[in-house]
Amino acid sequence: MRPLTEEETKTLFEKLSKYIGENIKLLVDRPDGTYCFRLHKDRVYYMSEKILKLATHFSRDKLVSVGTCFGKFTKTSKFRLHITALDFLAPYAKYKVWVKPGAEQSFLYGNHVLKSGLGRITENTAQYQGVVVYSMADVPLGFGVAAKTTQECRRVDPMSIVVFHQADVGEFIRNEDTLT
Amino acid sequence: MAACSVEELLAKAEQEEAEKLKSITVLKELELDFDIGNLLACDKNRIESRDFREQKKEDFLRSLARDNTQLLINEIWKQPTERVEEAIVAKLPEPTIPLPREKPPPKPRPPTRWEQFAKLKGIQKKKKTNLVWDETAKEWRRRWGYKRANDNTKDWMAEVPETADPNEDQFAKRIKAKKERVAKNEFNRLKNIARAQKVKVPGVGLTPKTKQSKDELGRAVSVAKTSTASMGRFQDSLPKEKRAKNTGKKRKFEPLIGDFSNERQKQLELLKVMDSKKPKLDITKAVNKQMREDDREEAAARHKKGKKGRQGNMSGKPRGKGGKGKGGRPAGGRPGGGKKKGKPGKH
């Protein structure tokens, strides 16, 4: 486990800012204690200082997970968000998409959101903007990337993709063995 | 009284004399073994443990050491002496006891690449005679080096091969080839040394080659970058340039539990920089906004049109009439009327 280098921090923040914009500041500078990002086995974990200090008692190879896993760095040093980060993305999300109850299951099975399943969408969403996907009951289901702008969404036919799937809470079951 | 005193004095003087004499003659049961060359004396006599206990230990040891040293010095003065600048020195013989060396013997030099290869192939060195007969000079000369026999570099004329470029300088070519052979040999020598000491050979990536591979090119770039007067400290790297491998630089990370407030400060600073780099005018966003406004206007227009259209339908006349009416509407303050219509529906 080690702190992120400047470059890694930048990559991480650039990715996070696609979903929560300048709200990253609220993750970095929290009034309820010191929280930090740490890298362990190419994965980025977000944890409080207290948990970090407890985790130091474990050797590197025995430590499976600590705090909340935000995602991992790929071998080409890009950052990929995991569904476990949803707890921190959902409250701060700037752009949201609500899916209709009928399309919820399809999304939770890892499919893209089609126009027919689109319930609501935040105004002004740009194309390829990171969005958090909610059910109509405002339960965060996952996140993805807007395939169309809000404007275009109104015009496209019902079978076209409006949100590309990136991660959904169904992964907690589907990828149970690899998620940490 | 006086005579007595004289006798006493004499006796005292005699005793003192004897003491003095005794001081340089030491009696031992067994003779000491001497190795004068090493200034070494070995006392094989038994030490009386009773003496050791009865006398004071320190005194006993001191007197024993003094006696043995006396014997050693007596032995030294038996050697031939000479006078060197007011000082009498004794000439010591060769040491008889060989002392072991301090350091382990040096390891044999590890074989060079060629020696390894020769051993593998069973190639043995053949001794050539040092002198050979020089036909032109009509004398025996050395086989190699300065003033060697049959020296082809001293030729005043060189043949141009049929396949060679006629404008090529054959002499320069030969000199260049020789220099390259020397350089290659030197490089191999360094490689052998490096291999023997198990260190990386510096600058391997820059051996001239007809076709460089991708890795070699990368290494050449990194070498070229550090080959400035400031050792490449001020060299900018390209946006997606990879870090050069095997530069001997180790990665260095912040401590796991360090200064948290400093870390937070750095991250906030980074966020600030990232924020400031965002363009103030997001073009796609602006276009979207424009599109949305257009949409709204269009929708509003359609809404009005639709209302008019209904009226038109009622009257059973084509839309052209509605269009005419539309022109008059804004003046009539219709929007307000529309709102009124909408509200009751909502409630």
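Leu120(B) sits in helix 4 of chain B, residues 113-121; helices here are DSSP runs of H or I with at least four residues, strands are E runs with at least two, and both are numbered from the N terminus. Leu120(B) counts as exposed because its relative accessibility is 71%; the classes are buried under 20% relative accessible area, exposed over 50%, and partly exposed in between, with a 1.4 Å probe and protein chains only.

Before I go on: this is a predicted model, where local features need pLDDT of at least 70 and side-chain atom pairs count only at pLDDT 80 or more, while totals for chains, interfaces and linings use all residues. Residues are numbered from 1 along each chain as its sequence is written, chains are lettered from A and ligands numbered from 1 in the order in which they are written, and side-chain values use heavy atoms, with hydrogens and water left out.

Back to Leu120(B). Together with Trp114(B), Phe117(B) and Ile123(B), Leu120(B) makes a nonpolar surface patch of about 460 Å². A patch takes residues with over 30% relative accessible area and no salt bridge, joining nonpolar side chains (Val, Leu, Ile, Met, Phe, Trp, Tyr) within 5 Å and like charges within 9 Å. Areas are Shrake-Rupley with a 1.4 Å probe, and for residues only the protein chains shown count as cover.

Next, the hairpin. Strand 5 (residues 131-134) and strand 6 (residues 139-142) of chain B run antiparallel, joined by four bridges; pairing requires at least two DSSP bridges. Trp133(B) has Trp140(B) in strand 6 as its bridge partner. Four residues lie between the strands, and Lys138(B) has a positive phi near 55°.

Now a buried position. Gln70(B) belongs to helix 3 of chain B, residues 57-78. Gln70(B) counts as buried because its relative accessibility is 15%. Leaving out residues up to four places away in sequence, Gln70(B) touches Ser23(B), Ile24(B) and Val26(B), a contact being heavy atoms within 4.5 Å.

On to the interface. Chain A contributes 30 residues and chain B 18 residues. The buried area is about 2,600 Å², with 65% from carbon and sulfur atoms; that is the accessible area (1.4 Å probe) the two parts lose on being put together, summed over both. How many salt bridges are there between chain A and chain B? Four, taking a side-chain nitrogen of Lys or Arg within 4 Å of a carboxyl oxygen of Asp or Glu. Glu263(B) and Arg38(A) form a salt bridge at 2.9 Å, N to O.

Last, chain B overall: ten helices and six strands, with 13% of its 347 residues counted as buried.
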